[in-house]
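Open the model in your viewer and keep the selection tool at hand. We will go stop by stop.

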Amino acid sequence: MKTLNDWLSYLETAHSAGLIDMGLTRVGEVKERMGLVPACPVVIVAGTNGKGSVCAFLTQIYKQAGFKVGTLTSPHLLKFNERIAIDGEPVSDDVITASFERIETARKEISLTYFEFNTLAAVDIFMCANVDVMVLEVGLGGRLDAVNVFDADCAVVTSVDLDHEAFLGDTIEKVGFEKAGIFRGGKPAICGQNPPTESLRRHAQDIHADLLVIKQDFDFSKLEQQQWSFHFHPGGAEGQKRNRNALPIPALRGAYQLNNAACALAVIECLNHKLPIDIGSIKRGLLLVNNPGRFQVLPGRPLVILDVCHNPHAAKALKQGLMALPFAENRIAVFSMLADKDIDTVLELVKEQFDYWYIAPLNLPRGMSTEALQEKIQTHGIGNIKAFESIQAAYQAALAAASENDRITVFGSFHTVAEVMKML
């Protein structure tokens with residue numbers, strides 16, 4: 001019997017040497033062979049940034065309401081099991097390997113990618129566990145992502161910006177169309193960006209999806225005393241209008257999280273006839289939500305922030321979050337990025353937020369070398385750069401150099417943050 005590590009090693013090279021191979025034909029055929037048709041409501045969440053946070057909000061709120069929740073997310077930070085969770089807790093190795101065995105038996109001659117195995121296993125495991133609701137995060141894009149072989153009872157696109165241009169296109173409109181591919185006719189399609197891209201709006205109209213756009217069909221307002229209100233008014237229809245007032249500020253840090261929370265609450269309103277939720281569950285869910293690595297502030301001094309920010313859209317949010325923090329005497333960046341990311345725009349957006357840069361390579365095929373990182377940073381007029389052999393060494397040096405009035409921000413990639421999390 002293969003262990004989970006055996007399986008993951010096999011999956012990393014079994015299909016196209018681990019390369020991304022998008023499309024629904026292969027994974028759809030195996031899904032049919034396995035009879036994977038969820039009986040419970042399915043929520044599918046896509047977006048350039050914010051989709052992991054929306055999944056975290058939905059998971060915790062539904063859990064607090066007493067529903068059994070299956071959540072698929074990616075990538076993981078420390079363990080593969082994080083990707084497949086029931087009620088917010090990663091499932092065991094044995095549960096995953098048993099599902100992989102079932103997929104292996106069903107697929108026969110059909111080759112599947114790592115992520116396709118991951119997606120099928122999640123839904124298989126959730127069906128075996130009889131969950132009340134599935135929350136599935138799209139891995140890449142939407143239209144051709146493996147998650148899209150399942151029909152969403154409610155779909156969310158949190159944001160649309162350039163990322164993964166080689167797969168999704170080099171314009172915002174092309175990216176918007178790819179993400180809108182998760183919408184279904186006659187079903188709610190929530191967009192957390194206003195205005196939405198024209199391609200997204202037009203696709204929703206063409207397939208007769210019920211498009212709900214933030215600041216138009218639902219909205220939020222921040223109140224005094226660390227509270228906010230959510231307003232749901234789809235199409236301005238009085239009969240469906242609902243307000244959720246005196247809500248606590250979410251446990252997830254960053255002003256942009258209210259936008260993500262509003263998207264999650266719009267889902268909850270749309271599915272309320274199937275999964276009724278009381279205001280107490282919403283409040284508890286907002287206070288107990290957890291999504292590591294997203295502007296995560298560690299306890300103690302100096303202030304340490306972990307953020308998986310790896311594209312321009314996320315860099316804007318990181319900058320906004322850092323500017324809202326109290327004054328720090330010295331601001332240290334522990335930084336590394338993958339070579340296929342838009343490092344130039346990210347650096348230009350955040351460079352004024354740091355006084356010192358502690359850099360190191362990521363030991364991955366897509367990682368940038370120390371020399372390449374240093375050269376990129378210097379071309380943006382940034383000085384005070386110190387290079388280290390590893391992210392862990394860079395972080396330890398930053399801690400040693402920082403006083404209690406300084407601030408350390410670890411960012412640039414999921415892999416960068418994961419290296420520090422391993423130490424913690």
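Start between domain 1 and domain 2: you will find zero salt bridges there. This is a predicted model. Polar contacts do occur, with two residue pairs counted between domain 1 and domain 2.

Twelve residues of domain 1 and 17 residues of domain 2 make the contact.

Next, show the surface. Domain 1 and domain 2 bury about 1300 Å² between them. Carbon and sulfur atoms carry 61% of that area. Which three residues of domain 1 supply more of its buried area than any other three? Select N49, L77 and Y256: they supply 39% of the area that domain 1 buries against domain 2.

Select β9 (218-223), β10 (227-232) and β11 (242-248). These three strands form an open, antiparallel sheet in the order β9-β10-β11. β9 and β11 each have a single partner strand, so one side of each has no neighbour in the sheet. From one strand to the next, the twist averages 15°.

Zoom in on β9 and β10. Six bridges join this antiparallel pair. Pick S221, and you will see S229 of β10 opposite.

Helix α9 (257-270) lies across β9, β10 and β11, at about 45° to β10. Helix α10 (279-288) lies across β10 and β11, and runs at about 45° to β11.

Technical notes: Residues are numbered from 1 along each chain as its sequence is written. This is a predicted model: local features need pLDDT of at least 70, side-chain atom pairs count only at pLDDT 80 or more; totals for chains, interfaces and linings use all residues. Side-chain values use heavy atoms; hydrogens and water are left out. Two strands pair if DSSP finds at least two bridges between them. Helices (H or I, at least four residues) and strands (E, at least two) are DSSP runs, numbered from the N terminus. Axes are lines fitted to C-alpha atoms, for helices over the stretch in contact, and angles run from 0 to 180 degrees between N-to-C directions. Contact means heavy atoms within 4.5 Å. Buried area is the accessible area (1.4 Å probe) that two parts lose on being put together, summed over both. A salt bridge is a side-chain nitrogen of Lys or Arg within 4 Å of a carboxyl oxygen of Asp or Glu. A polar contact is a pair of N or O atoms within 3.5 Å; within protein, one must be able to donate a hydrogen and the other to accept it, and residues adjacent in sequence count only if both atoms are side-chain atoms.
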